[in-house]
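Good morning, everyone. Please look at the model on the screen, and I'll walk you through a few of its features.

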Amino acid sequence: MTTALRKNRKKRGHVSAGHGRVGKHRKHPSGRGNAGGQHHHRIWFDKYHPGYFGKVGMRHFHFKKNVVHKPTCNVSQLTNMIPEADAASAKVPVVDLTSKGVFKLLGKGFIARPIIVKARFISRIAEKKLKAAGGACVVSA
């Protein structure tokens, strides 16, 4: 917008330029940013952002993410993970989940054909479904 079209051009000659005589247009009268969250802006913070301040839960020193990293997949997804060469042949295919980045096999879904599955962790229900289909579970490190 050009200077000629700005609202300030109409305000020329008027003392407080539309910001009032009593209150005055000062720079940052209530502080910059989130200032005063526990002081003069407490009501606003409590109303619109409850729980913003304070702590919750227990501390875990030296938390290692790789220890709790456990990607999962279900029994229903196993047929899609069979290698192309093994899918057509008559022998029982071997699916190594750890090489595919999956550590735990869970028991959701159904499986029709026998498959030998290698994984770090296998749930009880997944193991039951694999053995019922004629497959096997191999727990690898």
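Start with helix α5, which covers residues 124–132. Lys 131 and Glu 127 both sit there, 4 residues apart, so about one helical turn separates them. Keep in mind that this is a predicted model.

What does Lys 131 form with Glu 127? A salt bridge, with the closest N and O atoms 3.0 Å apart. The cut-off for that pairing is 4 Å. In general, side chains of opposite charge can pair when their charged atoms come close. How many salt bridges does the count come to? The count is 1. As for Glu 127, its relative accessibility is 30%, so Glu 127 counts as partly exposed.

Next, the surface. Which residues make the nonpolar patch? Phe 63, Val 67 and Val 68 do, and the patch comes to about 300 Å². Take Val 67. It lies in helix α3, residues 65–68. Its relative accessibility is 58%, so Val 67 counts as exposed.

Now the cysteines. A disulfide is a covalent bond between the sulfur atoms of two cysteines. How many disulfides does the structure hold? The number is 0. The cut-off is 2.5 Å.

Is Cys 73 buried or exposed? Buried: its relative accessibility is 3%.

That's my tour. Over to you.

Terms used: Residues numbered from 1 in each chain as written. Predicted model: local features only at pLDDT ≥ 70, side-chain atom pairs only at ≥ 80, totals over all residues. Heavy atoms only, no water. Salt bridge = Lys/Arg side-chain N within 4 Å of Asp/Glu carboxyl O. Helix = DSSP H or I, 4+ residues; strand = E, 2+ residues; numbered from the N terminus. Buried < 20%, exposed > 50% of the residue type's maximum accessible area, 1.4 Å probe, protein only. Patch = residues over 30% accessible without salt bridge, like charges linked within 9 Å, V, L, I, M, F, W, Y side chains within 5 Å. Areas by Shrake-Rupley, 256 points an atom, 1.4 Å probe, with all protein chains shown as cover.
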